[in-house]
Amino acid sequence: MKITTLETYLLSAPLPQPVRTSTSTISRVSEVIVKLTTDAGLVGIGEAHGPFLFQQGPDGLRSVSEILRSITPLVVGADPFETERIWQDLFALTYTSVRGIPPLARQQRPLVTAISAIDIAVWDLKGKAVGRPVHALLGGTLRPRVPAYVTGFYYRDGERADDLVREAAMYVELGYRTLKVKVGGLTPEADAERVGVIRKAVGHDVALMLDANQGWSLPTALRAAKLCAPHGIFWLEDPMPWFDERHTLARLRAETGIPIAAGETEVSPFGLRTLLAEGLVDYLIIDSTWAGGLTTWRKAAVMAEMYQIPMAAHHDPQIHVHALAASPTGFILESFADPTRDPLWFELFRERPAIVDGFMAVPETPGLGLELRQETLEKYGVKLG
């Protein structure tokens, strides 16, 4: 079986109201879809979004589209079962030329985003070819369903305490028992007050995670952790910026009793290895849609098992449910329950995998078990001039 065509769909959906984290304003969600067709008539689909798309929008999509066109010769003609060979050829472009294609080292982020979409589509193809779900190819499911938390409580203009209470009630009524709250966009004192409102609303039987989106300095993170700790925090995610993360994570982890979660901003298995080998995290977070696909996840899962660190997924639970189910230390999915935060998650698939009482059942259909809605591709499709 050989891959005969690579098709790209660029999607961008505006949000009805912009939401903020500590470091950015999100006014739209953008995604790259890759379809790989084979000479056997099978079609595999892959998704990627990449953090740079939050800020760059159409320009970010354009850069990924151009890279996909340039690397297509490394994919078309390949046997999808040679997954590692495809991944190695594409990843090598981060530092050298491959079969006449010049290196793309200066475009590392969009390149790895393109690799992610291709790699996920390859795994989908393989599952369809053998009639088995992707988790079976990753080693087989270790659990019939995977827990999911909901990310919410973004900063919004005009927000009041009552808005936080209503949002919390919505999530609890949907069956979620773990909620993630955005922090870092206000003073530590104001954030702690905000977290306290949410804790009072949900009671003590619901776990609360905090996500600072790398918005704090180390002294601020230490102060915020101390102020928020009385509210019973499950984990503190991405507290400090990337440029000194290794040093500051080590100090924060040593000085606070709140477990530390990080890893979603890494774009290679090697960055994830550092977090594990240096003992910087209590939970390893991975997003295969911007870190190099499920092949990166597979590499990280072996390391996480060796270090006995639980693995959590960032975004796209419809893909990561396969990966977490097959990972010995697989722990929890991220999801959104508010359509105004990610219209693509709610509209992109014919049958979107359901999250019931805070769990997603592991699919048993071949491949990823996903079918795209053509009307959504047309509704949010971006035509680049």
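Colleague: I want to learn to read helix pairs. Are α3 and α4 roughly parallel or roughly antiparallel to each other?

Modeller: Roughly antiparallel: the axes of α3 and α4 cross at roughly 170°, and an angle over 145 degrees counts as roughly antiparallel, so α3 and α4 get that label. Keep in mind that this is a predicted model. Helix α3 spans residues 83-92, and its axis comes within 10 Å of that of α4.

Colleague: Which residues make the contact of α3 with α4?

Modeller: Read one helix at a time. From α3 come Thr83, Ile86, Trp87, Leu90 and Phe91. From α4 come Leu111, Ile115, Ile118, Asp119, Val122, Trp123 and Lys126. Then sort them by class. Nine are nonpolar, one is polar and two are charged.

Colleague: Let me try another residue. Where is threonine 295, and is it buried or exposed?

Modeller: First find the element. Threonine 295 sits in helix α11, residues 293-307. Then check the accessibility. The relative accessible area of threonine 295 is 0%, so this residue is buried.

Colleague: What does threonine 295 touch, leaving aside its neighbours within four places in sequence?

Modeller: Its contacts are Thr83, Glu84, Trp87, Asp119 and Trp123.

Colleague: Now another pair of helices. At roughly what angle do the axes of α8 and α9 cross?

Modeller: At roughly 25°, coming within 10 Å. Helix α8 covers residues 218-228, and helix α9 covers 245-255. An angle under 35 degrees counts as roughly parallel, so α8 is roughly parallel to α9. The crossing of α8 past α9 is right-handed. Leu218, Ala221 and Leu222 in α8 meet Thr248, Arg251, Leu252 and Glu255 in α9. By class, that contact has four nonpolar, one polar and two charged residues.

Colleague: On to sheets. What is the strand order in the open sheet of three strands?

Modeller: Read across the sheet: β1-β2-β3, with antiparallel pairing. Next, look for the edges. β1 (3-20) and β3 (43-48) each have a single partner strand, so one side of each has no neighbour in the sheet. The twist averages 20° from one strand to the next.

Colleague: How many bridges join each pair of strands?

Modeller: β1 and β2 (residues 25-38) pair over 13 bridges. Six bridges join β2 to β3. Valine 19 faces isoleucine 26 in β2. Valine 32 faces alanine 48 in β3.

Colleague: What about the faces of a sheet?

Modeller: In a regular strand, side chains alternate between the two faces of the sheet. Then ask what lies over the sheet. Here helix α4 (residues 108-130) lies across β1, β2 and β3, running at about 150° to β3. Strand β3 is mostly covered, with five of its six residues buried.

Colleague: Last one, a loop residue. Is arginine 156 counted as buried or exposed?

Modeller: Buried means under 20% relative accessible area. Arginine 156 has 19%, so it counts as buried. This residue lies in the loop between β4 (145-152) and α6 (161-173). Among the residues that arginine 156 touches are Gln17, Val19 and Asp338. Val19 is the valine that stands opposite isoleucine 26.

Terms used
Residues numbered from 1 in each chain as written. Predicted model: local features only at pLDDT ≥ 70, side-chain atom pairs only at ≥ 80, totals over all residues. Heavy atoms only, no water. Axes fitted to C-alpha atoms, helices over the stretch in contact; angles between N-to-C directions. Helix = DSSP H or I, 4+ residues; strand = E, 2+ residues; numbered from the N terminus. Parallel < 35°, antiparallel > 145°, perpendicular 65-115°, else oblique. Left-handed = near helix turned anticlockwise from the far one by under 90°. Contact = heavy atoms within 4.5 Å. Nonpolar A, V, L, I, M, F, W, Y, C, P; charged D, E, K, R; others polar. Pairing = 2+ DSSP bridges. Buried < 20%, exposed > 50% of the residue type's maximum accessible area, 1.4 Å probe, protein only.
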